[in-house]
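User: I want to learn how to read a structure like this one. Please show me the general idea first, then the case at hand.

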Amino acid sequence: MADKSRMVMRKKERGEKESATKDAKMKNEGETAVDNGEAPSAEAAVINGAVADGQNGDVQVEPMELPPFEIIAGDRIDPFIFKFQFKNVEYSSGRNKTFLCYLVDIGNTADGLLRGYLEDEHTGSHAEEAFFTQCLPQYDPSLKYTVTWYVSSSPCSACAAKIAEVLMARKNVKLSIFAARLLEWEEEEIQAGLKALHTAGCKLRVMKPLDFSYTWDTFVENEDQPLNLWEDCKENYEYYHEKLGDILQ
């Protein structure tokens, strides 16, 4: 408060008018909040991103360009996030992104086994598509790629079509997908996408309880703590396993 009073006194000493407009004050407050690392008020944000009409003084808000969501790549997942995102519930409310844990064995190379995870926001490129551009950018047709994914949900129809296209074009890439949940499996286009993956040679599986434990040990910051599986994990696995079998038969 003392700093603010000193600022007001300086303004008076410089001969500023006490009848400064409300809009100018709001703009000043918004800039001060940003300088302090605090989020500016909604009103200040509007003023900062607006221009005034010279004729009638109306404020017109200029469109603000928000940065696109990017694919997040990492080594290990936060344990709380893993337990929420990979839980194999039937109705996945709030789980609006995909986590893709991957293992890549490139035969006859010194690279060894590649391991990591990708995370998307479902507003731009999905993790499945990003895998081929970020994790295998230097594709070599003379090598053999054995790829395993552990995903929080099965691919959407668009991703399934793209993955199938890649597998058909790159016969030396063998992909196995273990999914915690089946994404919107009732939809015909989703079922068609899963069938296309199967036809392209992709091995589709639903994650068993042991798969969750393996993913926990391999891809999660677990601090050497074992995974305590939720009560209905096995029951939910059997449910999704049956549904996937019906789709692929």
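Analyst: Start with burial. Buried means under 20% relative accessible area, exposed means over 50%, and partly exposed lies in between (1.4 Å probe, protein chains only). E129 is partly exposed, with a relative accessible area of 31%. This is a predicted model: local features need pLDDT of at least 70, side-chain atom pairs count only at pLDDT 80 or more, and totals for chains, interfaces and linings use all residues. Residues are numbered from 1 along each chain as its sequence is written, and side-chain values use heavy atoms, with hydrogens and water left out.

User: What share of the protein's residues counts as buried?

Analyst: Of 249 residues, 37% are buried. S176 is one case, at 17% relative accessible area.

User: Where does S176 sit, and what does S176 touch?

Analyst: Helices (H or I, at least four residues) and strands (E, at least two) are DSSP runs, numbered from the N terminus. The protein has nine helices and eight strands. S176 is in strand β7. A contact means heavy atoms within 4.5 Å. Leaving out residues up to four places away in sequence, S176 touches V147, T148, W149 and K203.

User: How do I read a salt bridge, and how many does the structure hold?

Analyst: Look for a side-chain nitrogen of Lys or Arg within 4 Å of a carboxyl oxygen of Asp or Glu. The structure holds five. D75 pairs with R115, their closest N and O atoms being 2.8 Å apart. D75 lies in the loop between β3 (72-74) and α4 (79-85) and R115 in strand β5 (residues 113-119), so this pair ties together parts 40 residues apart in sequence. Both ends are partly exposed: D75 at 41%, R115 at 29%.

User: Which residue does E129 meet in a salt bridge?

Analyst: K162, at 3.0 Å, N to O. This pair links distant parts of the chain: E129 is in helix α5 (residues 127-135) and K162 in helix α6 (residues 157-169), 33 residues apart. K162 is partly exposed, at 39%.

User: Where is E186 placed, and is E186 buried or partly exposed?

Analyst: E186 is in the loop between β7 (173-179) and α7 (188-199). E186 is partly exposed, with a relative accessible area of 47%.
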